[in-house]
Amino acid sequence: MNRRNFLRNASISGAGIAAAATGISCNSTNTKEKETNSTSMPITRTLNAPVAICTWGFTDANETAGKALDAGMNALDAAIKGVAVEEEDIRNTTVGKGGAPDRNGTVSLDASVMDSNGNCGAVVCVENITNVAALAKVVMLETPHVMLAGEGAEELAYKHGFKADELLTPSSAAAYKEWLKTSEYKPLINIENHDTIGMLCMDKDGDIAGACTTSGLSYKMKGRVGDSPIIGAGLFIDNEVGGAAGTGLGEEIIKTVGSFLIVELMRQGKTPQEACEEAINRIVTKHNSVEDFQVAYIAINKKGETGSYCIHPGFAMMEYRNSKNSRIETKSHLKT
Ligand code: SD4
């Protein structure tokens, strides 16, 4: 038995034993399978998969991933395929091509991926490649490293057939020109200026993986890197437990290692919803005021249960399940 199957079977047996101990019966709404544990006791396994969730209201991206999962694609490739929809959509001003530039007028992208075996890859400060989540997968698979920056990441991309692209579009260049008039570095709250995509997928086998991709904060300092490409901050997966992804002011997510925290809280028994709420509360309790910035989290556990929570109202999570794509308005710490 390879490590992956060993862990999967171990976690399934663990879930079954815990459920038996609490008298909870695991009823699946989707996939129900009988398993046998080491003492030959039948265990009903709940997978409720496939499931795809993502940050903000990215209907098409989430549906793309969900349909790919339905067709049998593995969780990592489905997440990368889903987020590519936003990377390639020039209307999205904080992801991929068309993303807002830094203060010098250069668009630079960050991304990370993590698979169900605990492997991960990331790229930061990439200036000429649109599909940076796919590039993060190349770092994961084709190098002995986890993260590559700037020119090194781009060299790797060209070696693997990626094409150079102009990421600054006429409309992002015009918005930048307008911004230069005041050069005001404003805090960002919601989708109108802030729409990184973090996506978590559970495939038909119940394996979980994710991807996170962004151009970061609009008009950031040159070289600034946020949470999205930092494993544990913007994205974290532990296939025995679940996964989490973040969006919002990356500095706050990094300081509290938000996605790792959520997965660890789920490991301790919290639901995805409770874990997201506690991770937001960690940030809130460290500040006198959180009026000025947004942070939002999404999470999924091994049973396919999901949760989301944020600081300011206005954040929504997309969820694809049983071939249905739904927008889930997320509860927030601040009520207005
Ligand atoms: C960052 N977390 O670079 C990203 C920004 C973001 O929606 O989420 N925008 O800090």
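Five bridges join strand 4 to strand 5, and the two strands run antiparallel; strands are counted as paired if DSSP finds at least two bridges between them. The model is a predicted one, in which local features need pLDDT of at least 70 and side-chain atom pairs count only at pLDDT 80 or more, while totals for chains, interfaces and linings use all residues. Residues are numbered from 1 along each chain as its sequence is written, and side-chain values use heavy atoms, with hydrogens and water left out. Helices (H or I, at least four residues) and strands (E, at least two) are DSSP runs, numbered from the N terminus.

Strand 4 and strand 5 form a hairpin with five residues between them. In the turn of this hairpin, G118 has a positive phi of about 85°. Strand 4 also pairs with strand 8, again in the antiparallel sense, over five bridges. The residue S112 illustrates both pairings: its bridge partner in strand 5 is A122, and its bridge partner in strand 8 is C212.

Strand 4 is mostly covered, since six of its six residues are buried. Here, buried means under 20% relative accessible area, exposed means over 50%, and partly exposed lies in between (1.4 Å probe, protein chains only). The cover extends to both faces of strand 4: L109, A111 and V113 are buried on one side, and D110, S112 and M114 on the other. Helix 4 (residues 132-142) likewise contains buried residues, namely V132, A133, L135, A136, V138, V139 and M140. The elements that cover them include helix 3 (75-88), strand 4 (109-114), strand 5 (120-126), strand 6 (147-149), helix 5 (150-159) and strand 8 (208-214).

A further group of four strands forms an open sheet in the order 9-10-11-12, with antiparallel pairing. Strand 9 (235-238) and strand 12 (306-310) stand at the edges, each with a single partner strand, so one side of each has no neighbour in the sheet. From one strand to the next, the twist averages 10°. Angles run from 0 to 180 degrees between N-to-C directions, and axes are lines fitted to C-alpha atoms, for helices over the stretch in contact. Within the sheet, strand 10 (residues 242-248) and strand 11 (residues 295-301) run antiparallel and are joined by seven bridges. The bridge partner of A244 in strand 11 is A299. Helix 8 (residues 258-267) packs on the sheet and touches strand 9, strand 10 and strand 11, its direction making about 145° with that of strand 10; contact means heavy atoms within 4.5 Å. Helix 9 (residues 272-285) lies across strand 11 and strand 12, running at about 150° to strand 11.

A nitrogen atom of the ligand is 2.6 Å from an N or O atom in the side chain of D227. An oxygen atom of the ligand lies 2.7 Å from an N or O atom in the side chain of T247. For G248, a polar backbone atom is 2.7 Å from a nitrogen atom of the ligand.

A disulfide is a covalent bond between the sulfur atoms of two cysteines. A search of the whole structure finds zero disulfides, a disulfide being a pair of cysteine sulfur atoms within 2.5 Å. The sulfur of C310 is 10.0 Å from the closest cysteine sulfur, in C276, which is too far for a bond. C310 is buried, with a relative accessible area of 0%, and C125 also counts as buried, at 18% relative accessibility.

Note on methods: Polar contact = N/O pair within 3.5 Å; in protein donor to acceptor, adjacent residues only side chain to side chain.
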